[in-house]
Amino acid sequence: MPAGKAHPALAVADVDVVARAMVAAGHPLSWNDDIPGLRRFHTRDGHGNRVEIQQAQDSD
């Protein structure tokens with residue numbers, strides 16, 4: 001059974017590039033703005049599990 005709430009989050013250098021690639025490959029995604037200042041979206045893996053992709057934060 002796919003995980004509904006618990007999920008991994010991956011931090012990426014450019015979340016917009018990853019989002020465009022996901023959409024181009026036919027994967028649905030939904031943007032989430034619940035945390036101010038954090039750009040992120042959710043999608044599903046091949047087994048239906050929720051996966052979060054978020055913009056990596058600068059360490060400066």
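The model is predicted, so local features are given only where pLDDT is at least 70 and side-chain atom pairs only at pLDDT 80 or more, while totals for chains, interfaces and linings use all residues. Residues are numbered from 1 along each chain as its sequence is written, and side-chain values use heavy atoms, leaving out hydrogens and water. Helices (H or I, at least four residues) and strands (E, at least two) are DSSP runs, numbered from the N terminus.

**Helix H1**

- In helix H1, the residues Val 15, Ala 19 and Met 22 are buried, where buried means under 20% relative accessible area, exposed means over 50%, and partly exposed lies in between, with a 1.4 Å probe and protein chains only.
- Seen down the helix axis, the buried residues of H1 fall within an arc of 65 degrees, so they line one face of the helix; the arc is that of the directions from the helix axis to the C-beta atoms.
- Arg 20 and Ala 24, on the other side of H1, are exposed.
- The buried residues of H1 are covered by parts that include strand S1 (9-12), S2, S3 and S4, and contact here means heavy atoms within 4.5 Å.
- Just after H1 comes Gly 26, which takes a positive phi of about 90 degrees.

**The nonpolar core**

- The largest nonpolar core has seven residues in all, namely Val 12, Val 15, Ala 19, Met 22, Phe 41, Val 51 and Ile 53.
- Helix H1 (15-24) and strand S4 (50-55) are the elements that give two or more residues to this core, and the largest share, three residues, comes from H1.
- A nonpolar core is a set of buried Ala, Val, Leu, Ile, Met, Phe, Trp, Tyr and Cys residues joined through side-chain atoms within 4.5 Å.
- In soluble globular proteins, nonpolar side chains tend to be buried together.
- Val 15, leaving aside its neighbours within four places in sequence, is in contact with Trp 31, Arg 39, Phe 41, Ile 53, Gln 54 and Gln 55.

**Salt bridges**

- The count comes to two salt bridges, each being a side-chain nitrogen of Lys or Arg within 4 Å of a carboxyl oxygen of Asp or Glu.
- One of them joins Asp 16 and Arg 39, whose closest N and O atoms are 2.2 Å apart.
- Because Asp 16 lies in helix H1 and Arg 39 in the loop between strand S2 (30-32) and S3, this pair ties together parts that are 23 residues apart in sequence.
- Asp 16 is partly exposed at a relative accessible area of 29%, and Arg 39 is also partly exposed, at 40%.
- Arg 40 and Glu 52 meet in a salt bridge of 3.2 Å, N to O; Arg 40 lies in strand S3 and Glu 52 in strand S4, so the pair ties together parts that are 12 residues apart in sequence.
- Arg 40 is buried, with a relative accessible area of 10%, and Glu 52 counts as buried at 5%.

**The surroundings of Arg 40**

- Arg 40 is found in strand S3, which covers residues 40-44.
- The side chain of Arg 40 makes a polar contact of 2.9 Å with the side chain of Asn 32; a polar contact is a pair of N or O atoms within 3.5 Å, and within protein one must be able to donate a hydrogen and the other to accept it, while residues adjacent in sequence count only if both atoms are side-chain atoms.
- Not counting residues up to four places away in sequence, Arg 40 touches Trp 31, Asn 32, Asp 34, Ile 35, Glu 52, Ile 53 and Gln 54.

**The aromatic pair**

- The whole structure holds one aromatic pair, and rings of Phe, Tyr and Trp (its six-membered ring) pair if their centres lie within 6.5 Å, with planes under 30 degrees apart counting as stacked, over 60 as edge-to-face and the rest as tilted.
- The rings of Trp 31 and Phe 41 have centres 5.2 Å apart and planes at 65 degrees, so the pair is edge-to-face.
- Trp 31 is partly exposed at 42% relative accessible area, whereas Phe 41 is buried at 0%.
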